[in-house]
Amino acid sequence: MSLPPSPHLYVDADACPVKDEVYRVAERHGLAVTLVANRFMATPRGGQVRLQLVPEGPDAADDWIAEHIGAHDVVVTADIPLAARALAKGAAAIGTTGRPFTENSIGAALASRELMSHLRETGEITGGPRAFGPKDRSRFLQELEHAVTRAKRALAAAPEPRP
């Protein structure tokens, strides 16, 4: 008897402030994690965490994740277009502040991103996002736990692939 398939966690890792939280949730659930980055970073010894290095470039990590992610996997990213690509493949997407991206919210998130980009280009907005805080970390942990649980249930209920 084989084990049921498990979701895989992909992390857009270069500027991710919640990698340690991802490791804890992954270890608790026995899940594999792939950090995707364009520079070397330390990863936990043992376990199922691996680092995938990609060339420098604005979307290299996003493109690698989008190519490898599958239905019922989970991606952690602050990048809204990557979240949209993950959702299109049937994966879950969570922002680093714990904000889940959903089919219902991704359109508005993309539109807001474009508007804010335009306002920055015209000089209307000069500040960046608010500081990352303890509430964001807590919200992220809670949402990642929910996303992993939903993905595991969905995989368990999915019909077996035919040979």
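Leaving aside neighbours within four places in sequence, L9 is in contact with V22, A26, L31, A32, V33, T34, V74, L144 and V148. Contact means heavy atoms within 4.5 Å. This is a predicted model: local features need pLDDT of at least 70, side-chain atom pairs count only at pLDDT 80 or more, and totals for chains, interfaces and linings use all residues. Residues are numbered from 1 along each chain as its sequence is written, and side-chain values use heavy atoms, with hydrogens and water left out.

**Cores**

L9 belongs to the largest nonpolar core, which has 23 residues. L9, V11, V22, V33, L35, V76 and L144 touch the most other members. A nonpolar core is a set of buried Ala, Val, Leu, Ile, Met, Phe, Trp, Tyr and Cys residues joined through side-chain atoms within 4.5 Å. Buried means under 20% relative accessible area, exposed over 50%, and partly exposed in between (1.4 Å probe, protein chains only). Two or more residues come from each of β1 (9-12), α1 (19-29), β2 (33-37), β4 (74-76) and α5 (134-157). With five residues, α5 gives the most to this core. Another core, of 18 residues, lies apart from it; W64, I80, A86 and A93 are among its members.

**Overall layout**

The protein has five helices and six strands. Helices (H or I, at least four residues) and strands (E, at least two) are DSSP runs, numbered from the N terminus. Their order from the N terminus is β-α-β-β-α-β-α-β-β-α-α. Of the 163 residues, 38% are buried. Among contacts between residues at least 6 apart in sequence, 48% join residues at least 24 apart.

| Helix | Buried residues | Elements they pack against |
| α5 | D136, F140, E143, L144, A147, V148, A151, L155 | β1, α1, β4, β5, β6 |

Just after α1, G30 takes a positive phi of about 70°. Helix α5 has 24 residues and reaches 35 Å from its first C-alpha to its last. That is close to the 34 Å expected at 1.5 Å a residue; the expected span is 1.5 Å times one less than the number of residues.

E143 counts as buried because its relative accessibility is 13%. Leaving out residues up to four places away in sequence, E143 touches I94, G98, P100 and R150. K135, also in α5, is exposed, with a relative accessible area of 69%. The C-alpha atoms of K135 and G98 are separated by 9.2 Å, although the two residues are 37 apart along the chain.

**Second largest pocket**

The second largest pocket has a volume of about 200 Å³. On a 1 Å grid over the protein atoms alone, a pocket is an open set of points where a 1.4 Å probe fits, with protein on both sides within 12 Å along at least five of seven lines; lining residues have an atom within 4 Å of a point. Grid points are joined across faces, edges and corners, and the volume is the space filled by probe spheres set on them.

Of the 16 lining residues, A91, A92, A93, A147 and R150 are the closest to the centre. β5 (92-94), β6 (100-101) and α5 each give two or more residues to the lining. The largest share, five residues, comes from α5. The lining divides into 10 nonpolar, three polar and three charged residues. Here Ala, Val, Leu, Ile, Met, Phe, Trp, Tyr, Cys and Pro count as nonpolar, Asp, Glu, Lys and Arg as charged, and the others, Gly among them, as polar.
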